[in-house]
Amino acid sequence: MGHATYSHGHHASVVAAHAARTVANSAAYLSPLLAPGMRVLDVGCGPGSITIDLARRVGSTGRVVGIDMSAEVVETARAAAQQAGVPNVEFRVGDAYDPAPGERFDVVHAHQVLQHLGDPVAALSAWRAVGDLVAARDVIYSATTIHPLSPELARWRELMVALQGANGGDGDAGARLKAWARAAGFGRIETDVETWCFESERGRAFWGGQWQERALHSAFADGTERHGLADAPERQAIAAAWADWTADDDGWMAMVHGWILASDGTAG
């Protein structure tokens with residue numbers, strides 16, 4: 001059902017970048033609604049950093065379940081939870097379209113997941129069936145702002161949207177969350193934006209550093225080659241452009257993300 005190829009893959013550079021995500025930097029819109037004792041399902045949990053943070057926030061009386069399609073990354077998440085000493089979290093291999101049969105949660109959370117799915121409305125409907133509140137956030141790649149914007153970095157932005165589309169997903173998913181939630185039948189939908197900004201030396205090293213690797217060695221490289229979107233010299237030029245941007249004290253980047261809080265209440 002609507003399965004698509006995961007555009008980022010699980011190269012070490014990707015997993016390490018995803019492990020830096022927390023509720024504060026990736027789900028701040030949800031944070032005020034979390035309370036002790038809640039049951040939370042985290043769909044597409046990746047290496048589990050947000051999931052573990054959610055578990056801390058719902059306390060020892062709460063429970064968080066993280067699911068991901070990759071058995072390897074689920075093992076990474078389990079090890080991270082054990083190392084962090086967070087016992088009220090469980091990680092499973094799971095399907096976004098059938099995430100927790102027979103279970104019920106106060107919140108179903110998904111960060112950067114719907115952009116990778118071929119049928120996001122079906123996924124949201126499945127989450128609605130098991131959760132009282134659905135919280136989802138996704139990027140809008142075409143709205144990414146980069147300075148200085150070299151031709152190679154402009155091309156990277158174009159390729160992110162093109163690759164997602166070629167893989168069956170949507171690189172501008174964040175702009176479509178409201179429409180998808182309405183199509184999934186939710187009665188109440190709140191929506192707004194959050195951003196990531198990378199401009200400090202540390203921030204540029206984090207973002208530009210990972211993309212020097214990802215442009216050459218991750219599923220981005222494999223996918224752009226397979227779909228005929230970019231060849232090796234172009235990917236090498238993109239990696240070099242990220243290196244130049246990382247070293248530039250004037251470097252600045254903002255990524256816009258749309259988010260929704262959707263439930264079956266009355267629209268307001």
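**Notes on helix contacts and cores**

1. In this predicted model, helix α8 meets helix α10 through Arg204, Ala205, Trp207, Gly208, Gly209, Trp211, Gln212, Ala215 and Leu216 on the α8 side, and through Arg235, Gln236, Ile238, Ala239, Trp242, Ala243, Trp245, Thr246 and Ala247 on the α10 side. By residue class, this contact of α8 with α10 divides into 11 nonpolar, 5 polar and 2 charged residues.

2. As to the geometry of that pair, the axes of α8 (residues 201-217) and α10 (residues 232-247) come within 8 Å and cross at roughly 170°. Angles over 145 degrees count as roughly antiparallel, and α8 and α10 are therefore roughly antiparallel to each other. The crossing in which α8 passes α10 is left-handed.

3. Helix α3 (residues 49-58) has 8 of its 10 residues buried, so it is largely enclosed by the rest of the structure. The buried residues of α3 are Ser49, Ile50, Thr51, Ile52, Asp53, Leu54, Ala55 and Val58. Just after α3 comes Gly59, whose phi is positive, at about 75°.

4. Phe91 belongs to strand β3 (residues 89-93). With a relative accessible area of 4%, Phe91 falls in the buried class, for which the cut-off is under 20%. Leaving aside neighbours within four places in sequence, Phe91 is in contact with Cys45, Gly48, Thr51, Ile52, Gly66, Val74, Ala77, Arg78 and Ala81; Thr51 and Ile52 are among the buried residues of α3. The C-alpha atoms of Phe91 and Ile67 are separated by 5.8 Å, although these residues lie 24 residues apart along the chain.

5. Which residues of the largest nonpolar core touch the most other members? Among its 30 residues, they are Leu41, Val43, Leu114, Leu124 and Trp127. At least two residues of this core are supplied by each of β1 (39-43), β2 (63-68), β4 (105-111), α5 (120-130), β5 (131-139), α7 (177-183) and β8 (252-263), and the largest share, 6 residues, comes from α5. Apart from this core lies another, of 25 residues, including Ile52, Phe91, Trp259 and Leu261. As background, nonpolar side chains tend to be buried together in soluble globular proteins.

6. Not counting residues up to four places away in sequence, Val43 touches Ile67, Ala96, Pro99, Val108, His109, Ala110, His111, Val113 and Trp127. Of these partners, Trp127 is, like Val43, one of the residues that touch the most other members of the largest nonpolar core.

Conventions
Residues are numbered from 1 along each chain as its sequence is written. This is a predicted model: local features need pLDDT of at least 70, side-chain atom pairs count only at pLDDT 80 or more; totals for chains, interfaces and linings use all residues. Side-chain values use heavy atoms; hydrogens and water are left out. Axes are lines fitted to C-alpha atoms, for helices over the stretch in contact, and angles run from 0 to 180 degrees between N-to-C directions. Helices (H or I, at least four residues) and strands (E, at least two) are DSSP runs, numbered from the N terminus. Angles under 35 degrees count as roughly parallel, over 145 as roughly antiparallel, 65 to 115 as roughly perpendicular and the rest as oblique. A crossing is left-handed if the near helix is turned anticlockwise from the far one by less than a right angle, and right-handed if clockwise. Contact means heavy atoms within 4.5 Å. Ala, Val, Leu, Ile, Met, Phe, Trp, Tyr, Cys and Pro count as nonpolar, Asp, Glu, Lys and Arg as charged, and the others, Gly among them, as polar. Buried means under 20% relative accessible area, exposed over 50%, partly exposed in between (1.4 Å probe, protein chains only). A nonpolar core is a set of buried Ala, Val, Leu, Ile, Met, Phe, Trp, Tyr and Cys residues joined through side-chain atoms within 4.5 Å.
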